[in-house]
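Here's a quick briefing to read alongside the model. Have the structure open and follow the topics in turn.

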Amino acid sequence: MSSMCARFLPLLLSLSALAVSRLAVVSAQGCSNTCPPINFGKPVESLCEGDTIDTFANIDAVYSVCHPTNIPDNPTSFALSDFRGSGKLTVVANYYSGCNAGRRESGVFAHVAQRFFNLYGNQITFIQSLKGGGTCNQWSNIYQDDATDLYPGSNVVPTEMPLSVDDVNSVLRDDLFTTPFGHPSYVIMDEDLKIRHKFIGPCCGYESYFSCTADVAKSLDAKLTEYIFDLLLEQGDGIDNEQKTAAPTASPIVAPKDPTVSPTSSPTQECEVGEFGAWSECSIVCGSTPGTQFRYRKVIIPDHVSATRIGHQCPVPIETRSCLAAQTICDEDIVETCTAEAVETVANGFDSPRDVAFHPSPGLHLGEFAEGRSFHPDAGAEAWVVNGANHSVSIVASLGTEHQTTISRRDRGYYHYMINGTALAFNSVADSGRTPDRDGFNYWSICNDNPNTYLGKKEANYFMGPTLYNSDPNNGNTVNRIGDECREEEPCYFLHSDMLHEAPACIGMAHDPEIVTTYGHVYWAFDTTGNREHGQLVRFDYQQPHGPGSMDHSVAAIRRYVEVKLTRGPQGVHAGMIVHPTRREVYISVPGANQILAVDADSGSFARTAREEYPIYSNRLPSFEYSIWECAEQRVFADGIDMPSGMALSTDGERLYVAERASGNIHAYEVASGAIIEIIRTGFKSIGGMAIHPTSPPAGPGLDTLFFVDDETGTLNKIEPSTKCMTNSVSSRVNPNFVLAVEEVKVELGEDFSIHRDLTCAVNPVIPDSSFFDQVHNMTGYADSNPDVQSVMSGMDASAALLANRTDCGYDSELNFDALLLGGYYCHTCLPEQDLTCDNGGLCSNVQWLGYTCDNEFLVSITNEKNVELSRADGSAVDPNTLILKYGVTYRFTVLENSMGVGLCSSFAEICAKKGPLFVSTNDRTVQQMSFNFEGKDDAALSIAMDFKISQIRGDSKKNGMNKGAMIGTVVAVVTGVFVVAIVVYRQKKRKSVN
């Protein structure tokens, strides 16, 4: 472990003990059988006792059996629908390999499974969902040894049952044991696939493997046996009570021994190796781009050698080499280089824009009216631009129409959740087939290029990674300053749905359009920190997000691909990433290596836990999977690019556009061949992220409208197809004879054949050491003993409350700023940019667990044409007669919509607001009151005193050399739907007093 990790790891681990003592405690789900389970005080839609599973689960999904294999008449795969039928029963166990309780109970479960198999054959099926790492064979070593220890002398030896599923994407778990339902856990389904029993195992809550004694563990045997026999009797199997009573439920106990977790080996055996055939033709038919040739031979693998280890224990059947096309110059109709004369700047004023992405559902987030402004959700596309310098996202609504307008938003805790945002990606898969409540469509994730420095106020602790948001503004996904649902008239902020902390200084991100996982929250990230020597590719599956307002990070799956080595460019340079939806390849711009990598998204396998080598992570529970994957298939797709940055994929998936930041050129590559087919000169010098307009017709290459951001100019730009650029029809440079040769080899060697796979790479997976995991599952939040730390339901945390008085804000002080943020503070003297938290000159007051209020913000309710009422953001009434406003401070008076349509106007200018904010500020120290009148009327409806001192007026007037009565007043106001800034200069001949 590096010295930096050693220094900060104790601080990060101490977050889990931030609130050991509580004034009010709301326990996490833990070992409770409550169903539906409770998360953030709300029930989570789940399958419970009495439910038929096809109302919620996909019973036709096919699961492969990873153990036992090569058993006659045993299935090699199954769908849950296979187990519906007269007299059938199905029992499913939910295990994590890092959980001691699950390890302890697995031997009991295996014994019961085999015992009932011996009695009833395939009438009763036992299944176990295994997650967390290792192989099914290694897991079987654990439960087979334990079954022998727990039942010595028994002739029941787990062989045919249970059926093990490597539930690597947690689909079986998500369907039957939706979190936060605890583990180890079990469901028993009858012949109609109705859940008759669902419960947590007896070892849940025990810290160590052997603290759950054999007697306790074997109580699972008694419960399963009773439930199963009762259902057999109910379904008319003919079992009587005497047979039920005679069923074995206990056995003598012998001294326990440690479970076996290491890989096993098999005796060696010679491989049968044939001769290599001839080399194939080159994969490229023309041009200067290098191609590939291959040749192959037959290799017959002995039974004891896994197909994944060919090349390690047997010679490889494939060899490849680089080649050049016989025709070095392609057809003359191909345009190699063009100047983009039609580059158009469509929006500007961004603050170091790093990336751009199109919202898949334009208008969803803003609607028709937000923050006192009108929008047109049905007009044009919607581009979201990441501003790396001010940590915000600018939304360009109604792009390209007469209604185009831009509004910027950020998180209230932007200095952690959105700091130096450098990449953004949407889930744009609208037809995934997932149920609406479990579909990540319209979610988005942002990548933050910062090691967690809180805008330079704190020494980096590397507890940083991507943040997930739901762009649907409802259900708490957007909030006002105090954390309530946003009114249409007031400022609105993103509230994150989840955050993971395993990719500090992340510069690239892409959503994976896969449709295998339950929720669709898989994102790939360019982690520049990696192992501190080089960056790495990381796959984040947020799985079931904790949702807005909660901090429970106990359910997620992160894979670190340590062999995919990445190198960043200069600070602030974006790295484009694309996941091809059909080829299943992840394309990665590597700015520091001047190349594009292509990685097979579905390749590689679990090697070991990442918790030892990368000890900074989000949660210590076994359900939080953090692993190292090895042997992913990767290749250099293109090289020689001078600092590649943004990327975009054509709508037909045939072209990959890559920005060459150093030159300002954009390269167009044919995806199938990797050949460069066009270079577009833009004239820009700092191109970042790129995106294809979503309405570009998928009618072939050359018909897409390409958008890109430029850092130096702060602009969003587009390139329309023109006579010179992006319109040329290019024949494929893929050699058809090469494609035919590949297909012929697939027939002989199998569909998973690939010329890019490193067959000498072998993974030796290891089941994780349980010491890396917290075994007591009642504490699921890393910043608090209760994950719902930002909820009023959590009660007040005594330790977190003490943080309010901490002033040791130094760069290297012991105060952990993460603890502040996660302890319910948005307004605190130590947090960054507190002077910008409110409008100019305002002071914030923290409302713990919720948000903050500002002393210069008021809500205005017009109850009738004669009456105005003021209140604070928290709803507390304000008597205008008790207020004293300060000079130089900008006050926000948010006028709420009223049924009469009456607007409120400032006395300083003819500017009014009917529905939205009215900003008022003055430095004119002759002004004694701020006055407001109803629109169209002269009488004052509201007057508020200023902090007026006559001596200051005289002094300031002489000091500034101003003529008597010649003063400057400033009014900043908002008319409904339009921001207006007005500077009003007036000469006062004789001031009238306003009562």
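**Disulfides, a cavity and some strands**

Let's start with a cysteine: Cys31 is partly exposed, with 28% relative accessible area. Keep in mind that this is a predicted model. Cys31 is bonded to Cys204, and the structure holds 14 disulfides.

**The Cys31–Cys204 link**

- The sulfur atoms of Cys31 and Cys204 sit 1.9 Å apart, forming a disulfide.
- The link of Cys31 and Cys204 is left-handed, with -85 degrees about the S-S bond.
- Where do the two partners lie? Cys31 is in the loop between helix 1 (3–14) and strand 1 (38–39), while Cys204 is in the loop between strand 9 (195–200) and helix 5 (214–234), so the pair ties together parts that are 173 residues apart in sequence.
- Cys31 is partly exposed, whereas Cys204 is buried, at a relative accessible area of 11%.

**The Cys271–Cys314 link**

- Cys271 and Cys314 are joined by a disulfide, with 2.0 Å from S to S.
- Why is this disulfide left-handed? The torsion about the S-S bond of Cys271 and Cys314 is about -70 degrees, so it gets that label.
- Cys271 belongs to the loop between helix 6 (241–246) and strand 10 (272–273), and Cys314 to the loop between strand 12 (299–300) and strand 13 (318–323), so this pair ties together parts that are 43 residues apart in sequence.
- Cys271 and Cys314 are both buried.

**The Cys905–Cys912 link**

- Cys905 and Cys912 form a disulfide too, with their sulfur atoms 1.8 Å apart.
- The link of Cys905 and Cys912 is right-handed, with 95 degrees about the S-S bond.
- Cys905 is buried, with a relative accessible area of 5%, and Cys912 is buried as well, at 15%.

**A cysteine whose sulfur is too far for a bond**

- Which cysteine sulfur is closest to that of Cys99? It's the one in Cys204, but the gap is 7.3 Å, too far for a bond.
- A disulfide needs the two sulfur atoms within 2.5 Å.
- Cys99 is buried, at 1% relative accessibility.

**The cavity**

- How many cavities of 30 Å³ or more are there? The count comes to one.
- The largest cavity has a volume of about 70 Å³.
- Its lining is made up of 13 residues, and Gly363, His376, Pro377, Glu382 and Ala397 lie nearest the centre.
- Strand 19 (381–387) and strand 20 (392–399) are the elements that give two or more residues to the lining of the largest cavity.
- What kinds of residues line the largest cavity? The lining divides into seven nonpolar, five polar and one charged.

- Strand 34 (residues 595–600) pairs with strand 37 in the antiparallel sense, over five bridges.
- In that area, Leu597 has Val636 in strand 37 as its bridge partner.

- Is strand 36 buried or exposed? Seven of the seven residues of strand 36 (residues 624–630) are buried, so the strand is largely enclosed by the rest of the structure.
- Strand 31 (residues 556–566) pairs with strand 36 in the parallel sense, over six bridges.
- Ser627 in strand 36 has Arg559 standing opposite.
- Strand 35 (residues 605–609) runs antiparallel to strand 36, and four bridges join the two.
- Trp629 in strand 36 has Phe606 standing opposite.

Technical notes
Residues are numbered from 1 along each chain as its sequence is written. This is a predicted model: local features need pLDDT of at least 70, side-chain atom pairs count only at pLDDT 80 or more; totals for chains, interfaces and linings use all residues. Side-chain values use heavy atoms; hydrogens and water are left out. Buried means under 20% relative accessible area, exposed over 50%, partly exposed in between (1.4 Å probe, protein chains only). On a 1 Å grid over the protein atoms alone, a cavity is a set of points where a 1.4 Å probe fits but cannot get out, and a pocket is an open set with protein on both sides within 12 Å along at least five of seven lines; lining residues have an atom within 4 Å of a point. Grid points are joined across faces, edges and corners, and a volume is the space filled by probe spheres set on the points. Ala, Val, Leu, Ile, Met, Phe, Trp, Tyr, Cys and Pro count as nonpolar, Asp, Glu, Lys and Arg as charged, and the others, Gly among them, as polar. Two strands pair if DSSP finds at least two bridges between them.
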